[in-house]
Amino acid sequence: MTLLYFAWVRQKVGTSEEQIDLPAGVVTVGDLIAHLKSRGGGYADAFADPARLRVAVDQEHVSFDAPVDSADEVAFFPPVTGG
Amino acid sequence: MNAVRIQREDFDIGAELDVLAGGRNDVGAVVTFTGHVRGDANLTALTLEHYPGMTEREIASHVHEAEQRWPLTGVTIIHRIGRLEPGARIVLVATASSHRQAAFAAAEFLMDYLKTRAPFWKEEERGGSKSWVAAKDTDEDAVQRWK
């Protein structure tokens, strides 16, 4: 699975993209956030307050209870500010 | 005809409107919205990043929804990315229809969705420091009226 990070989430974790194999027990977006937060360092900082994050699974906006176990691409970013 | 483009370069509004409405006689109204970088409080520049792939999908789905709601003959959306200084154009939304009501409403609808759903992020430079722009509740309120 590909993980993508944008804006300050990218800056805090220190990369824009990475590949991971989902650990057993990670089923939803919320589970994945908890897993990434547990890595510590910049991840703990980026995922400290999930309320500040938005998530897309396979390029669709989703909520934290959405499944990720069959996703190809999960992206984490702040609320959008285009236009 | 619809066009959605994400690009670094500036755009020529006149040329875009010629493409949107030129050569056809069923267009009675074209509404354009152009967003510019507002140079308030010693802003030096904005840098825009986006999520390639998702941005285009998200905008295309809102154009499709606008077409379900209003009788449109065409839509052009151009959003710039990269570093932009005060006064620069950022975004163009142009809607064409036989009648003005549909063109006005669709342009507002598309801008409201662009601001709150399309995956773009702005980082501000003021003097030597950089900070990410926070999303505004007023933009989220604006999009709720279309629900």
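Modeller: In helix H2(B), the buried residues are B:Met54, B:Thr55, B:Glu58, B:Ile59, B:His62, B:Val63 and B:Ala66. Buried means under 20% relative accessible area, exposed over 50%, and partly exposed in between (1.4 Å probe, protein chains only). Helices (H or I, at least four residues) and strands (E, at least two) are DSSP runs, numbered from the N terminus. This is a predicted model, in which local features need pLDDT of at least 70 and side-chain atom pairs count only at pLDDT 80 or more, while totals for chains, interfaces and linings use all residues. Residues are numbered from 1 along each chain as its sequence is written, chains are lettered from A and ligands numbered from 1 in the order in which they are written, and side-chain values use heavy atoms, with hydrogens and water left out.

Colleague: How many residues does H2(B) have, and what distance does H2(B) reach from its first C-alpha to its last?

Modeller: The general idea is that an α-helix has 3.6 residues a turn, so residues three or four places apart point the same way. H2(B) has 16 residues and reaches 23 Å between its first and last C-alpha, close to the expected 22 Å. The expected span is 1.5 Å times one less than the number of residues.

Colleague: What is the area buried between chain B and chain A?

Modeller: The size of an interface is often given as the accessible area lost when the parts come together. Here the buried area (the accessible area, 1.4 Å probe, that two parts lose on being put together, summed over both) is about 1,900 Å², and carbon and sulfur atoms give 55% of this area. B:Tyr51, B:Trp121 and B:Trp132 supply 34% of what chain B buries against chain A, more than any other three residues. In terms of contact (heavy atoms within 4.5 Å), 25 residues of chain B meet 20 residues of chain A.

Colleague: Is B:Glu49 buried or exposed?

Modeller: B:Glu49 counts as buried, at 16% relative accessibility, whereas A:Arg10 counts as partly exposed, at 24%. Another pair crosses between chains, from A:Glu60 in strand E4 (residues 60-62) of chain A to B:Arg57 in helix H2 of chain B. The closest N and O atoms of this salt bridge are 2.9 Å apart. A:Glu60 is partly exposed, with a relative accessible area of 41%, and B:Arg57 is partly exposed as well, at 40%.

Colleague: Which salt bridge does B:Arg145 form?

Modeller: The side chain of B:Arg145 meets that of B:Glu108 in a salt bridge (3.3 Å, N to O). This pair links distant parts of the chain, 37 residues apart: B:Arg145 is in the segment after helix H4 (137-144) of chain B, and B:Glu108 is in helix H3 of chain B.

Definitions and conventions
Salt bridge = Lys/Arg side-chain N within 4 Å of Asp/Glu carboxyl O.
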